[in-house]
Amino acid sequence: FEEGAFTGKHIVITAGPTQEAIDPVRYISNHSSGKMGYALAQAAANQGARVTLISGPTNLPCPERVERIQVKSAEQMLEASLQQIGEMDIFIASAAVADYRPSEIAEHKIKKVDGEEQMIIKLVKNPDIVATIAQHPERPFTVGFAAETQEVAQYAQAKLARKKLDMIVANDVSNTNIGFNSDNNAATIFWAQGSHDLDFMSKSNMANEILACIKAQLS
Ligand code: PMT
């Protein structure tokens, strides 16, 4: 076990997509691979942290020296995150959580109906996991991500304030060379008093840069 910048700290990281069931065989989800969150988990463990990785469905192996809790839906991810309240120093929300889920999960496979060319699925809002953690009385240092396709800085700073986060990592997900599913990323980190640009780099290098920025904010 290495001594590192985060020795003695417990870091909880959400990663990957959520899956919101429609019926027993179908779901709504997104293109998150989990790579960014898993890179953060590995980097934090390498720097001595105790790491809990709360992961939506991905194909990635669990990083070394990391405890992984596997979930599917946003509601399960929230429950797993709340279980860590009071026991974590830092919470990093890199998961791409579905903002909405089907209002009901059909008990049986929904059948195709002859003559009906449209079907409507009613959605309801999911709880906001990172905002719930950030606004909890026993909140840890809370870091969010912002996945945007336009006005990246403006939307990210609005999320930083609205969700009451300590830091937010803003990435442009309209660029397929970075963001979702790629091995690289580029981002800007915002906090109340400043910002820091992270130019195009591997997600594992970015994970180390993000952790360095967190460390600087904490001390
Ligand atoms: O997984 P990869 O393929 O490596 O891709 C990485 C990534 C693009 C998914 C990652 O870098 C990223 O941007 N993650 C955040 C994705 C996202 O859902 O962003 P958002 O702007 O919609 O949400 C803002 C923040 O609120 C995020 O920290 C998100 O985890 C959190 N959130 C959102 C909705 C919700 N119901 N609960 C949340 O906690």
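Okay, some housekeeping. Residues are counted from 1 along each chain, in the order the sequence is written. Since the model is predicted, local features need a pLDDT of at least 70 and side-chain atom pairs count only at pLDDT 80 or more, while totals for chains, interfaces and linings use all residues.

How confident is the predictor? pLDDT is its confidence in each residue, from 0 to 100, and the chain averages 96, with 99% of the residues at 70 or above. The model also scores ipTM 0.99 and pTM 0.97. As a reading tip, low pLDDT means that the predicted coordinates should not be read in detail.

Let's go to the sheet. Helices (H or I, at least four residues) and strands (E, at least two) are DSSP runs, numbered from the N terminus. Two strands count as paired if DSSP finds at least two bridges between them. What is the strand order here? Going across, you get S5-S4-S1-S6-S9-S10-S11-S12, an open sheet of 8 strands with mixed pairing. At the edges sit S5 (66–70) and S12 (194–202), each pairing on one side only. From one strand to the next, the twist averages 20°; the axes behind that are lines fitted to C-alpha atoms, for helices over the stretch in contact, with angles from 0 to 180 degrees between N-to-C directions.

Strands of a sheet pair through backbone hydrogen bonds, either parallel or antiparallel. For the parallel kind, look at S1 (residues 10–15) and S6 (residues 90–93), which share 4 bridges; Ile11 has Ile90 in S6 as its bridge partner. For the antiparallel kind, S11 (residues 184–191) and S12 are joined by 7 bridges. There, Thr188 is partnered with Asp197 in S12, and the two strands make a hairpin with 2 residues between them.

A residue is near a molecule or strand if its C-beta atom, placed from the backbone, lies within 6 Å of it. The ligand has 28 residues around it, and the closest are Ser33, Lys35, Ile129, Gly144 and Phe145. Helix H1 (35–46), H3 and strand S9 (141–148) are the elements that give two or more residues to this shell. Which element gives the largest share? That's S9, with 4 residues.

Let's compare two of them. Buried means 20 or more other C-beta atoms within 10 Å of a residue's own, exposed means 12 or fewer, and partly exposed is in between, with C-beta atoms placed from the backbone. Ile129, in helix H3 (residues 129–134), is buried because 25 other C-beta atoms lie within 10 Å. Asp99, in the loop between S6 and strand S7 (100–102), has 13, so Asp99 is partly exposed.

How values were computed: pLDDT is the predictor's confidence in each residue, from 0 to 100.
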